[in-house]
Amino acid sequence: MRLIVIGGDAAGMSAAAQARKRRKRDDLEILAFERGDWTSYSACGIPYWIGDLVDGPDALVARTPAAFREQDIDVRTGHDVIGIDLDARTVTVRDLAAGREFREGFDELVYAAGATPVRPGWAETEADGVFGVQTLGDGTTLRGWLDADPKPTTAVVIGGGYIGVEMAEALHRRGLAVTLVERSAQPMGTVDEDMGALIADAIRKIGIDLRTGITVQGLDTAGGRVRAVVTDDGPLPADVVVLGLGVRPNTALAAAAGLPLGTHDGLVPDVRQRVTDGVWAAGDCTEVLHRITGRHVHIPLGTHANKQGRVAGINIGGGYATFPGVLGTAVTKICDVEVARTGLSTTEATAAGYRFVTATVESTNRAGYFPGAVPMTVKILAEQDTGILLGAQIVGKTEAAKRIDAFAVALWNRMTVTDMTALDLGYAPPFAPVWDPVLIAARKAADAL
């Protein structure tokens, strides 16, 4: 039997590794194609590499093509799959270095092509100095631009989501004058506006010029390189522009092959990650089940991609595994301010038709009298009729963000906020107040009910 994998990052190579673990080479031949130069790397680490907090690019690679080949997984980087023929059970591949095309047959196919950055028409330019940050190759190109002479001094980051906030901080750390542009009233649209306001304050306090409520209209690219970002609030000078406008599922190839797409243009596999007979999908190119709403959503995160790829590989290898869905748990930071969220925001809960109460509390990471105690704000949502937790958000300093995991576990198990008030959480003054912020927020929500 022959397995072909499209995409050599988290989902695709997790699938390949798990399938190989269960079947030897004489029973299963595995061939993986990756358009870029690296496999199994941490795209989430790119902003920290750009900001000189970690080494790269090799330090961001979890497993190289050579390591996979030692496992009898034939990985070919620099190869772009440009066609899928489901009837003939073949893929058409372009060798980017040699400029030739060829076909390979398959019995099983894993589609793990990831996501593509949202790039509006005004961003379609050949001018130098405009970058997306989706792949390790993108990070390498941006690093080269930042290190070249004359070094850029001004940067505009467009989009105030996770990647935009992280890239703004990275460029600020490198000494550039950074402007972060966000069309909405607050950055980080996955949290509520009141929590977003706390993030906005943190961004501005470190010296980043945050511009909210303005729309980008185009780029000034005189002389073949970017000079400014044109907005409805006037031009913003820029030697470098970073696009952080989000991503969409990379499914054009799948759609051309006749595979059905979901409402977010992603592939919608079943719980075993199977799309159709002999075709599997995993990672950022897919839509996933939200465990609270029961709807399919597109939440592109490496955690999901690795788990989905593992499930697909186990099933291809003859085992049985399922992917039970997601909560949308995510964390990030802007300098010393940590941000976390899980479950539904108030906007999402309203859209899903829930009646709910909210509770917002301010507490500290440690006992108030203990050295290093700093504030954090916790907000949670609970269903009005049942008291079941619907979502949580946290903004604070050190030791704030990972408290979101307690809420994620509670969400996963459909706990009520009243149940949560009795959770036996660890306590000692260096680690938490006697009433942990998690417990205080649950108690306040229970009172609101």
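This is a predicted model: local features need pLDDT of at least 70, side-chain atom pairs count only at pLDDT 80 or more; totals for chains, interfaces and linings use all residues.
## Helix α6

Start with α6, which covers residues 193-205.

Which residues of α6 are buried? They are Met195, Gly196, Ile199, Ala200, Ala202 and Ile203. Those residues take up an arc of only 160° around the axis, which means they sit on the same side of α6. After the helix comes Gly207, with a positive phi near 105°.

## The β4-β5-β6 sheet

Next up is an open sheet of 3 strands, ordered β4-β5-β6 and paired antiparallel. β4 (79-85) and β6 (100-105) are the edge strands, each pairing on one side only. From one strand to the next, the twist averages 25°.

Looking at one pairing in detail, β5 (residues 90-95) is joined to β6 by 6 bridges. Val91, for instance, has Glu104 in β6 as its bridge partner.

## Aromatic rings

The model has 2 aromatic pairs. One of them is Phe131 with Trp145, a tilted pair with 6.0 Å centre to centre and 55° between the planes. Phe131 belongs to strand β9 (residues 130-132) and Trp145 to helix α4 (residues 136-147), so this contact ties together parts 14 residues apart in sequence. Phe131 and Trp145 are both buried.

## Arginines over tryptophans

Two arginine contacts are worth a look as well. Arg291 lies over the face of Trp412, 3.7 Å from the ring centre. Arg443 has its charged end over the ring of Trp435, at 4.4 Å from the centre.

Technical notes: Residues are numbered from 1 along each chain as its sequence is written. Side-chain values use heavy atoms; hydrogens and water are left out. Helices (H or I, at least four residues) and strands (E, at least two) are DSSP runs, numbered from the N terminus. The expected span of a helix is 1.5 Å times one less than its number of residues. Buried means under 20% relative accessible area, exposed over 50%, partly exposed in between (1.4 Å probe, protein chains only). The arc is that of the directions from the helix axis to the C-beta atoms. Two strands pair if DSSP finds at least two bridges between them. Axes are lines fitted to C-alpha atoms, for helices over the stretch in contact, and angles run from 0 to 180 degrees between N-to-C directions. Rings of Phe, Tyr and Trp (its six-membered ring) pair if their centres lie within 6.5 Å; planes under 30 degrees apart count as stacked, over 60 as edge-to-face and the rest as tilted. A charge sits over a ring if NZ of Lys or CZ of Arg is within 6 Å of the ring centre and within 35 degrees of the ring normal.
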